[in-house]
Amino acid sequence: MAPRLDFSDLWGKDTRKGTPVVVTMENPNYSVVEIDGPDSAFRPVEKSRGKNAKQVTWVLLLKAHRAVGCVAWLATVLWALLGTIKKRLIFRQGVAMESEKTGKGKLLFRIIKVFLVTSLAILSFEVVAYLKGWHYFRNPNLHIPRTSDFQGLLHMVYVAWLTLRADYIAPLIQALSKFCVALFLIQSADRMVLCLGCLWIKYKKIKPRIDGDPFKLEDVEGSGYEYPMVLVQIPMCNEREVYEQSISAVCQIDWPKDRLLIQVLDDSDDESIQCLIKAEVYNWRQQGINIVYRHRLVRTGYKAGNLKSAMSCDYVKNYEFVAIFDADFQPNPDFLKQTVPHFQGNPDLGLVQARWAFVNKDENLLTRLQNINLCFHFEVEQQVNGVFLNFFGFNGTAGVWRIKALEDSGGWLERTTVEDMDIAVRAHLNGWKFIFLNDVKVLCEVPESYEAYRKQQHRWHSGPMQLFRLCLPAVITSKISIWKKANMLLLFFLLRKLILPFYSFTLFCIILPLTMFVPEAELPVWVICYVPVFMSFLNILPAPKSFPFIVPYLLFENTMSVTKFNAMVSGLFQLGSSYEWIVTKKAGRASESDLLAAAERDLKTVNQPLIHRGASESELSELNRLKEQKESPPPAVKKINKIYRKELTLAFLLLTASVRSLLASQGVHFYFLLFQGVTFLLVGLDLIGEQMSQ
């Protein structure tokens, strides 16, 4: 160790002069400070020496004030929750009960009710045993009393339950829990591999690149570059809130007008909305935009049928690429210039997929939690699969397809509710490659109400299981390599679409509360706490601003496992709700740039006279009628919240298990069950997301 070369003490002894000074204040509220030497005033003073009784009193009062404020806030929240339960669950004010259209949903609800009733009955026995001192469940070495030890009929029943639990119930639960834990660890390892792949991409700065800038004036003149013919499709159905934003954004795409055609594919069954969309298309056509309006009289096949009908037009054969945008998507003007050049010199490239960005991600807690999931999906899952495998599921929008790839793969099929994933799988089996552009973002919305989000997730998780059943023979007999087949079947379908909702619901919503009543099969702490928190941490990495929501995210994902599990089983066994398509409700949010652009367009319209190019008198009268209908307010629709029975029943099951955990003094298990039960309660009462009740 190097010697200390500190001469401050020696210097202080040589230069210290004078005598010590004692300063005493007459006011007793101040303490006494002794200065010993000229530099003593600059030395740190012990905190305890600078406090008197009055200061300590003020500190204690401040801490007490904070504690009282925290208790008051908790009491207010609890009182508000109880008031909401009374209003929505007991008096049914402003709410509607969730309707079950299929026997599958009713069966799952009945199974959950059986678990709840059983747990309540067992809890009553446990409470009586706890009060009477029969604490057999606290002893790790279970002792079954002899007949001579029986203290009555109730004691006899309780001991019989202990025997049944230890010999028959516990082994079954242990076997199922070990199976689910194994699946949980496999899925966690898959997530970690994806995250490592994403870090490698960031470290090496790997991303699809365009050689040079083909759209610079000198490059275009020098190379004789020609803009390819691009078809843009906007499928929509009763999209009153967002149709104007999407059509406006697409019409402002920077591309030669003679090499771009926009198709507005309107499947609306509301005539007033049809008129509004027609008026918007007519206005842009008058400004010189090459845009057409299409409406099907027979709406079959939902979105897939709509796209299939549009691709059957004769003029489509003149186009090389097709870009697709859902009704709430607002691409930037340079979207095609950032995506289409990737096809040049890449004849095997079939799809270029852009990333989504959300204008309403900070609207409420539900939108924030969705943003976490989707950021991980795009930045980790799709980017890694695009870089290393050249394959991922098409997102249905914000992508550009080579029309030849669509035709070679059989075109749009109406056999599932995930037509986008269907065409992607078939194109991959035919040898086409995909790339994902993480830097190209298209604005859109996420659902703001739990009802809309729940229906969206049901479609997203039932459709892949339908597709898995239908395309399994094609995958097995395809000519792609064995490892690509294994990736598609084991990872893409089974692990991420089937196993994930299965173990999440079974392990955390069924097995965990049951183990509170069967302590012989108790789950270890690392399964219910450490690993889930770590995996939630990995999921939040692509959205670092969402770290404060890591606990709500973990609890909400477990809550959504009920809907995902229900949808997965419906799609796998082809039940009634598996082919149900409900358009996701949008709010019509606009970004700040969109509002400024709209204001600028309105100003130009006011300052410049409108020129109707080649419009006849009948067309002008039709346009005026459409304008009047557009200016009329939409009919008022009464919005109400819903009560979700499965979520509420599971909430009571988890809260009952938390009481049993409290009797056994299980800290981590108790808190997890308590908070998870409260989360199920909030979701079951529709208290997350947009509140509709007036």
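Mentor: What follows starts with the sheet, goes on to one of its strands and the helices on it, and ends with a helix pair.

The model is predicted. Seven is the strand count: the 7 strands form an open sheet in the order S6-S5-S4-S7-S9-S8-S10. The pairing is mixed. Strand S6 (291-295) and strand S10 (433-444) stand at the edges. Each has a single partner strand, so one side of each is left without a neighbour in the sheet. On average, neighbouring strands are turned by 20° against each other, direction ignored.

Now take S9, residues 399-402. In the strand order, S9 stands between S7 and S8. Strand S7 (residues 321-324) runs antiparallel to S9, and 4 bridges join the two. Here Ala323 stands opposite Val400 of S9. Strand S8 (residues 349-358) also pairs with S9 in the antiparallel sense, over 3 bridges. On this side, Gln353 has Gly399 of S9 as its bridge partner.

Next, the faces of S9. In a regular strand, side chains alternate between the two faces of the sheet. Both faces of S9 are covered. Gly399 and Trp401 lie on one side, Val400 and Arg402 on the other. All four residues are buried, the charged-class name Arg402 included.

Helix H10 (residues 365-388) touches S8 and S10. The direction of H10 makes about 155° with that of S8. Helix H6 (residues 243-251) lies across strand S4 (230-236), strand S5 (260-266) and S6. H6 runs at about 175° to S4.

Last, the helix pair. Two packed helices are described by the angle between their axes and the distance between the axes. For helix H13 (residues 450-477) and helix H14 (residues 482-517), the angle is about 165° and the axes are 11 Å apart. Angles over 145 degrees count as roughly antiparallel, so H13 is roughly antiparallel to H14. Their crossing is left-handed. H13 contributes residues including Pro464, Phe468, Leu472 and Ile476 to the contact. From H14 come, among them, Lys485, Met488, Phe493 and Lys497. By class, the contact has 13 nonpolar, 1 polar and 2 charged residues.

Definitions and conventions:
Residues are numbered from 1 along each chain as its sequence is written. This is a predicted model: local features need pLDDT of at least 70, side-chain atom pairs count only at pLDDT 80 or more; totals for chains, interfaces and linings use all residues. Side-chain values use heavy atoms; hydrogens and water are left out. Two strands pair if DSSP finds at least two bridges between them. Axes are lines fitted to C-alpha atoms, for helices over the stretch in contact, and angles run from 0 to 180 degrees between N-to-C directions. Contact means heavy atoms within 4.5 Å. Buried means under 20% relative accessible area, exposed over 50%, partly exposed in between (1.4 Å probe, protein chains only). Angles under 35 degrees count as roughly parallel, over 145 as roughly antiparallel, 65 to 115 as roughly perpendicular and the rest as oblique. A crossing is left-handed if the near helix is turned anticlockwise from the far one by less than a right angle, and right-handed if clockwise.
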